[in-house]
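Keep the sequence and the 3D view open as you read.

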Amino acid sequence: MGISTWLTPSHGIMLGLLFGFAIAHSGLAALRAWGESKIGARLYRVVFALVSIPLAVGLIIYFFNHRYDGLSLWQVQGVPGIKPFVWGMSAISFFFLYPATFNLLEIAAITKPQIHLYETGILRICRHPQMVGQVIWCIAHTLWIGTTFTLLTSLGLIAHHLFAVWHGDYRLKKRYGDAFLKVKERTSIIPFLAILQGRQTLNWQEFIRPAYLGIMGFIALLWWGHPWLMQVTAQVPW
């Protein structure tokens with residue numbers, strides 16, 4: 001099979017959507033200090049959301065509608081145990097993807113959004129949990145769908161989050177200096193590495209929080225509404 005027969009235009013469009021989202025999201029994060037000095041922390045958070053959320057929603061809808069485009073690299077959907085494995089991995093990914101649920105009032109700009117230097121909860125396991133969650137999600141969905149389009153999307157998402165690891169550390173170091181370097185010494189990017197090396201310890205009490213109940217509820221809602229979500233996004237002519 002020639003490359004022209006399976007390399008659909010959707011592959012290039014998805015790369016463009018990923019690149020546009022990465023530029024907007026990381027660019028606005030880099031400009032946060034400057035932007036907040038001009039219009040205030042709350043309004044800048046609103047601007048950030050008004051730019052990032054539509055781009056993210058568009059990207060998600062396009063992925064749903066084109067996930068089976070391109071070449072089928074493997075087909076494991078009928079293999080016993082694969083479906084619960086993929087759902088289990090996806091559920092785990094959400095616990096890493098949404099650590100910011102601890103600051104819902106800041107996300108909604110109800111209270112003044114701040115940059116925090118955390119070293120508690122899931123950050124004891126990994127200093128950049130969103131990157132880990134995205135990698136887990138991508139592995140699960142690429143395994144389940146098995147197309148070149150999904151593989152390309154996953155590689156793009158992972159590349160963006162790996163850049164965000166460097167960019168996040170850079171911004172924290174610039175803001176907090178030696179205080180961040182000390183946190184960096186006690187944490188790790190690779191999950192559980194700092195704990196295994198004795199540089200960090202787990203405090204299970206930190207995980208008993210309403211935010212995690214919210215994530216569990218979201219996972220349950222997603223499980224229930226997943227077929228409906230596929231039907232709704234399929235109605236978008238994109």
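Helices here (H or I, at least four residues) and strands (E, at least two) are DSSP runs, numbered from the N terminus. The expected span of a helix is 1.5 Å times one less than its number of residues. What you are looking at is a predicted model, in which local features need pLDDT of at least 70 and side-chain atom pairs count only at pLDDT 80 or more, while totals for chains, interfaces and linings use all residues. Residues are numbered from 1 along each chain as its sequence is written, and side-chain values use heavy atoms, leaving out hydrogens and water.

Helix α4 covers residues 41-66, 26 residues in number, and its first and last C-alpha atoms are 37 Å apart, close to the expected 38 Å. Helix α2 has 22 residues, which should span 32 Å, and the 31 Å between its end C-alpha atoms agrees with that.

Which residues of α4 are buried? Here buried means under 20% relative accessible area, exposed means over 50%, and partly exposed lies in between (1.4 Å probe, protein chains only). The buried residues of α4 are Ala41, Tyr44, Phe48, Ser52, Gly58, Leu59, Ile61, Tyr62, Phe63, Phe64 and His66. Their cover includes α2 (9-30), α3 (32-39), α7 (129-145), α8 (148-176) and α11 (210-234). On α2, the buried residues include His11, Met14, Leu18, Phe21 and Leu28.

Contact means heavy atoms within 4.5 Å. Not counting residues up to four places away in sequence, Ser52 touches Phe21, His25 and Leu28.

**Nonpolar cores**

In soluble globular proteins, nonpolar side chains tend to be buried together. A nonpolar core is a set of buried Ala, Val, Leu, Ile, Met, Phe, Trp, Tyr and Cys residues joined through side-chain atoms within 4.5 Å. The largest such core has 21 residues, and Phe96, Ile122, Ile125 and Val132 touch the most other members. Helices α5 (82-97), α7 and α11 each supply at least two residues of this core, and α5 gives the most, with 7 residues. A second, separate core of 14 residues includes Met14, Leu18, Phe149 and Met230.

**A pocket**

Pockets are found on a 1 Å grid over the protein atoms alone: a pocket is an open set of points with protein on both sides within 12 Å along at least five of seven lines, and lining residues have an atom within 4 Å of a point. Grid points are joined across faces, edges and corners, and a volume is the space filled by probe spheres set on the points. The second largest pocket has a volume of about 220 Å³. Its lining includes Ala29, Arg32, Ile115, His167, Tyr170 and Arg175. Helices α2, α3 and α8 each supply at least two residues of that lining, and the largest share, 6 residues, comes from α8.

| Residue | Relative accessible area | Class |
|---|---|---|
| Lys173 | 45% | partly exposed |
| Thr8 | 24% | partly exposed |
| Phe192 | 37% | partly exposed |

Lys173 is found in helix α8. Leaving aside its neighbours within four places in sequence, Lys173 is in contact with Phe180 and Leu181. Lys173 and Lys184 are 11 residues apart in sequence, and their C-alpha atoms are 9.4 Å apart in space.

Thr8 sits in the loop between α1 (3-6) and α2. Not counting residues up to four places away in sequence, Thr8 touches Asp69 and Gly70.

Phe192 is in the loop between α9 (178-186) and α10 (193-196). Its phi is positive, about 70°, although Phe192 is not a glycine.

**Cysteines**

How many disulfides does a search of the whole structure find? A disulfide is a pair of cysteine sulfur atoms within 2.5 Å. The search finds 0. Cys126 is buried, with a relative accessible area of 0%, and Cys138 is buried at 1%.

Conventions. 1 Å grid on protein atoms, 1.4 Å probe; cavity = no way out; pocket = protein on both sides within 12 Å on 5 of 7 lines; lining within 4 Å.
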